[in-house]
Amino acid sequence: MRKNIKICISTPVRYSLLAIRFSCAFVPLLLCAFAPLSLYAEFSISAEVDRKTVEITDSLYLTVTVSADSASVPEPKLPQMTNFNVYSSGRSQNISIINGKIATSVSFTYVLSPMFIGRQTIPPISVFNGKERAMTQEIDVLVVRTAAPRDPRARPAPATRTARPATQAEVNPEDLLYLTAETDKNAAYPNEQITLTVKFYTAVPLTSNPQYLPPQFKNLIAEDLPPVRNGETVIKGTRYAYSEIKTAVFGHEEGQARINPAVVIAQLHREAVTDFFDPNFFQKFISMNAAQGERREIKSNPLTLAILAFPPGAPPSFKGAAGSFTISAELDRKEIKTGEALNLSVKISGSGNLKVLTAPKLPDMPDFKVYDTMSSLDISKENDVIGGKKVFTTILIPRREGRQTIPPVRFSFFDLAAKAYREIAAGPFEVTVLKGDGEGANVSFVRGEQVGITPLASDIRYVSDKAAPPPAAALARRISALPPGLNLIPVFIAFLSFWLARAKEFRLKNPLLFRFKKARSEAASDLLNAREKLKGGLPAEAAAILYDSLLDYLSDKSGQKVSGLTRKKTLALLKEKFPGAGDYATGEIEDLWENLEALHFSPDGTPPERAKEMIEKYLVLLDMLEKEFRK
Amino acid sequence: MLRIKVPLKNILPAVTLALWGARALSAYDRSVLAEYNDLYKNGNYQSALEGYADIISKEPANPCGFYNAGNAYFRMNKPGPAILYYSKAWRLDPRNADIRANLEFALKQTGQAFVPDGVPRVLHYLYYYLSDDELKTAAAAAWWALFLLVSFYFLKPKSAAGTRTPLLAAGGLLALAGLWFIARSVSPFRDGAVITGEAPARLMSGPGENFKAYAALPEARLVKILDDTDDNYYEIAIPKEGIKGWVKKTSAEKI
């Protein structure tokens, strides 16, 4: 009957837990290293029903068990069940800590009242721990008709379906079906139980069990009190079948509280009831198809309650608990080494709203490191009174060896019977601490208990309204679309630069060679300057330029500064350097040099005609020498 | 001494022109896109798809058109074309979170992993951080910078010490871009294709009907094209399964 799916999260998680067991010194580091993984522990869910076949007038128990190797477990999410009315019946929790390894198992019990005859399915029940989801498989349940009593009078007719009009009394059609809601008290202290009773009365047959929609509460916390009680009664001469649904509510804080109307949706049979006194009358209608009926929605009356303020004089340890409680506490061992974990369990039992109980404040214990406290909760609903026990377990790690004393743990509550505060205590406790290996681990029960976003489904993201592509992408696309040959340009530039660099280097290494080659062009430039001077009416300057230009030209060609040489030596030098040059050329050089020297140093000045003649003569000489020096 | 001097005032207009050109390339009428998106919003996916196809034909470099077309196909329950268009959009704009998310989602819906098992997501993100075009552009920029710096090095040897660091940087960038580009050749999206035709597509042992069909490829399966020179068949590989074969060109579309 048990169906479950177990989800294994990851092996490193188990390793991290083992690390706590074996090493105190390295545990902090290991916990840090594996912290993100251990946020989601291994967990599983299973569901079972107490029977696979149930009568339509009866209920079955569904137990959902969630187990995890962490301090807390997520609560299962019951799916929408349209074929059952579901009531929470309680929970019980088992927790164990063995050498720091925590194992928790919580059983949630629900009472399911079937609404229709036939094979009904309890859909998969899921539980989500923030990362992984585990779920049970479907459970099929056969809902059958109520077996006819051997003696119809020996057993009361099943409730909620129909009733027999007791007498011939005329009944107002509005009174054939109605719903009432009442509480056992109109005022209560916060966390004091108020019992709400919703009763559904019907004097007509129904095609199926009605659907019950519990009321909404304001400033109240509700807890179901199953099972549904069924019965028959006679009111003003009319026999009614009734269903009674009880709910415990607890005031949240001082002020007004409200219970909104409960709703029952019933399917009435359209045809007239022929024989209400037929012993099988009820079963006949139950077996009818629900679609044959007429849908009726009935609401109860709303209720207003007063939540009172606690009287003054509360002790410091009072945190709002109200009811009747006892306390006990125990250590898991009496002897321990420093650095080892010691479990202190404080159990609070009794009647009251245990869900909201917070852990008693532990006394100061300077000789112990005190770590997180985890709690386990068992809720019972016997005799419609919410009670049970809540165990708070705290890990203590002794710092010093020797005989240590843990002071009493105190808990205060408001005793509703005595209308007074009471403080109860457990302890003190003695423990012998021996010398251990280390300081102790950083132990934490908190394992990703964040209340996060609950993903419902996943889907693609919406369309984009960006008309343009990103500029960088568009630019990159344009550039990459350019002809690849363009990338040869920088290669060409590099080669050109290399050639220029080599040329420059060669020129620097051979200055005379370049002067020889440039002599003609520089002389031509000088000629232009001389002409400009002559045009400007400065024949003496023109003659001076020509004189200097001739000497520079001869220096560049001969490779020696000729201004420091005589004409004779210069001509000899030229003859030696350019043996192919004719005598006529050297004669012309000597003649021009002599004339220019005469003009340059003449005290009477330089006649323009003479300067012009020298320019022409120099030009002819240059052309001639360029040819002669190549011979 | 030769001196190369490029004034800043000449560079800025060139860059501006290039950027403006990039914008102009993508200057699609926003109102038209909004109109198509309205069709999508109202559930008229086929009409929206036709609009997106128009955008794609006019702007093949705009990832928006491909992405929205992928969405329309997805809504029409055609995962093959949806993955194809998401992949095209993603190749153009790999840093777009929406495109990435939808491609991953669609792949997951078809039982494929976007991030291969065992590969850290960060590494996967970095691997695809730049598009192929951006990688090419980065490589070209590094190439140009390298050779221009070499030229400068030749022309101004006295400044060699100052040139060395940028020269090394350009060389390193060129090597990085080149290696990155080569490493991307194993990507399933490079030379990739998606089975979009009638599913399952038959994987043949040769390019013709006379060869044996030895595997069936489901729709939306991402494959790698090895050879597309045949008129009717692609030679494809499925690296994960280690098989290759031929599928009809009508069964698969290139990313």
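Let's start with strand 13 of chain A, residues 193-202, which is mostly covered, with 8 of its 10 residues buried. By buried I mean that 20 or more other C-beta atoms lie within 10 Å of the residue's own, while exposed means 12 or fewer and partly exposed is in between, with C-beta atoms placed from the backbone. Strands here are DSSP runs of E with at least two residues, and helices are runs of H or I with at least four, numbered from the N terminus.

Before I go on, a word on the source: this is a predicted model, where local features need pLDDT of at least 70, side-chain atom pairs count only at pLDDT 80 or more, and totals for chains, interfaces and linings use all residues. Residues are numbered from 1 along each chain as its sequence is written, and chains are lettered from A and ligands numbered from 1 in the order in which they are written.

Back to our strand. Which strands pair with strand 13 of chain A? One is strand 11, residues 177-183 of chain A, which runs antiparallel to strand 13 and is joined to it by 7 bridges. There, A:Tyr178 has A:Tyr201 as its bridge partner. Another is strand 17, residues 238-251 of chain A, also antiparallel, over 10 bridges. In that pairing A:Thr197 stands opposite A:Lys246. Two strands count as paired if DSSP finds at least two bridges between them.

Zooming out, chain A has 10 helices and 30 strands, and 35% of its 631 residues are buried. Take the contacts in chain A between residues at least 6 apart in sequence: 77% of them join residues at least 24 apart. Contact means that the C-beta atoms of two residues, placed from the backbone, lie within 7 Å.

Now two open sheets in chain A. One has 3 strands in the order 3-10-7, with mixed pairing. Its edge strands are strand 3 (53-55) and strand 7 (118-122), each pairing on one side only. Strand 7 runs antiparallel to strand 10, residues 139-144, with 5 bridges joining them, and A:Thr121 has A:Asp140 as its bridge partner.

The other sheet also has 3 strands and mixed pairing, in the order 23-30-27. Strand 23 (335-337) and strand 27 (402-406) each have a single partner strand, so one side of each is left without a neighbour in the sheet. Strand 23 runs parallel to strand 30, residues 429-434, through 3 bridges, and A:Lys337 stands opposite A:Leu434.

On to chain B. How do helix 4 and helix 5 of chain B cross? The axes of helix 4 (residues 63-75) and helix 5 (residues 79-92) come within 7 Å and cross at roughly 160°. Axes are lines fitted to C-alpha atoms, for helices over the stretch in contact, and angles run from 0 to 180 degrees between N-to-C directions. These two helices of chain B are therefore roughly antiparallel; the label needs an angle over 145 degrees, with under 35 roughly parallel, 65 to 115 roughly perpendicular and the rest oblique. Among the residues making this contact are B:Phe66 and B:Tyr73 of helix 4 and B:Tyr85 and B:Leu92 of helix 5.

Finally, where the chains meet: 30 residues of chain A and 45 residues of chain B take part in the contact. Helix 4 (471-480) and helix 5 (489-509) of chain A each supply at least two residues of chain A's side.
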